[in-house]
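Have the viewer open as you read.

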Amino acid sequence: NAWKGYNCSLFAYGQTGSGKSYSMVGYGANRGIVPITCDELFKGIEQKRATGEKAEYEVSLSMLEIYNEQVRDLLNPKSWTKGGLKVRQHPKKGFYVEQLQTVAVNSYKEIDQRIEEGTRNRTVASTNMNATSSRAHTIVGLLFSQKKKNDLGQETTTTSIINLVDLAGSERAESTGATGDRLKEGAAINQSLSTLGNVIKALADQSMGKKAVIVPYRDSVLTRLLKNALGGNSKTIMIAALSPADINYDERSEER
């Protein structure tokens with residue numbers, strides 16, 4: 001869909017410890033969706049060039065996390081300040097993160113190195129349910145531009161934004177044993193996931209023809225940044241990560 005000019009979004013949703021980060025990032029030799037997507041994108045570019053197609057392709061990468069409703073640039077930890085980076089709104093481009101570092105990449109090897117660097121800077125902590133629990137939502141953003149001439153000889157540019165999102169897991173305090181900072185993080189995670197659910201429901205209502213539906217994008221940082229990916233000229237896929245453990249039955253039922 002990105003080749004066709006659509007904004008694309010793929011995110012993994014589910015409770016803590018259900019395999020979201022494993023699905024998105026992978027582990028060791030088992031690559032996840034993020035590295036596979038990046039690899040396939042550059043393979044597609046090489047195939048286009050091999051056929052002699054006269055076009056220019058540009059790929060840029062950004063990687064951020066939303067921790068306690070604050071934005072951190074995972075590719076530039078020196079920019080981390082109290083309160084995080086500011087989320088602004090552009091009249092045409094929509095919501096964006098001010099001073100977020102965007103890096104031009106020319107190969108899968110380059111992008112893989114950058115993502116590995118950003119992954120090391122992610123906020124993780126141990127809970128009773130997950131030894132390496134993600135304590136923040138992570139968004140890997142790819143800006144993909146195609147420049148070519150149309151039938152009239154005019155140069156056109158097609159730009160797509162690909163958001164690959166590893167959401168922090170929903171959790172219950174009594175199950176995770178969270179206290180102090182872990183409890184505060186869990187509350188922020190659950191609140192933003194609830195807002196995401198409300199946004200998706202409102203968009204579904206709009207698509208069914210219901211009138212006077214207000215989509216609550218502004219209720220969380222996550223939904224503000226994903227506005228372009230969830231509505232309008234966009235294609236979205238959600239991976240539902242479900243834990244098979246019987247002790248997680250109630251949580252699993254709520255996710256359905």
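A nonpolar core here is a set of buried Ala, Val, Leu, Ile, Met, Phe, Trp, Tyr and Cys residues joined through side-chain atoms within 4.5 Å. Buried means under 20% relative accessible area, exposed over 50%, and partly exposed in between, using a 1.4 Å probe and protein chains only. What you're looking at is a predicted model, where local features need pLDDT of at least 70, side-chain atom pairs count only at pLDDT 80 or more, and totals for chains, interfaces and linings use all residues. Numbering starts from 1 along each chain as its sequence is written, and side-chain values use heavy atoms, with hydrogens and water left out.

**Cores**

The largest nonpolar core has 27 residues, and Val59, Ile111, Ile115 and Leu142 have the most contacts inside it. Elements giving two or more residues to this core include strand E1 (7–14), helix H2 (33–50), strand E4 (55–67) and helix H3 (108–120). Helices (H or I, at least four residues) and strands (E, at least two) are DSSP runs, numbered from the N terminus. Zoom in on Leu142: leaving out residues up to four places away in sequence, Leu142 touches Cys38, Leu41, Val59, Ser60, Leu61, Ile111, Ser160, Ile161 and Ile162, a contact being heavy atoms within 4.5 Å.

On H2, the buried residues are Val34, Pro35, Cys38, Asp39, Leu41, Phe42, Gly44 and Ile45. The expected span of a helix is 1.5 Å times one less than its number of residues, so the 18 residues of H2 should span 26 Å; the end C-alpha atoms are 25 Å apart, which agrees. After H2 comes Gly52, with a positive phi near 85 degrees.

Strands E6 (residues 87–90) and E7 (residues 94–97) run antiparallel and are joined by 4 bridges; strands pair if DSSP finds at least two bridges between them. E6 and E7 form a hairpin with 3 residues between them, and Val87 stands opposite Val97 in E7.

**Aromatic rings**

Rings of Phe, Tyr and Trp (its six-membered ring) pair if their centres lie within 6.5 Å; planes under 30 degrees apart count as stacked, over 60 as edge-to-face and the rest as tilted. The whole structure has 3 aromatic pairs, including these:

| Pair | Centre to centre | Angle between planes | Type |
|---|---|---|---|
| Trp3 and Tyr57 | 5.7 Å | 70 degrees | edge-to-face |
| Trp3 and Phe144 | 4.9 Å | 80 degrees | edge-to-face |

Ring pairs link Trp3, Tyr57 and Phe144 into a cluster. Trp3, in the segment before E1, is 54 residues from Tyr57 in strand E4 and 141 residues from Phe144 in strand E11. Trp3 counts as partly exposed because its relative accessibility is 30%, while Tyr57 is buried at 9% and Phe144 is buried at 0%.

**Where to be careful**

The chain's mean pLDDT (the predictor's confidence in each residue, from 0 to 100) is 82, with 85% of residues at 70 or more. Where pLDDT is low, the predicted coordinates should not be read in detail.
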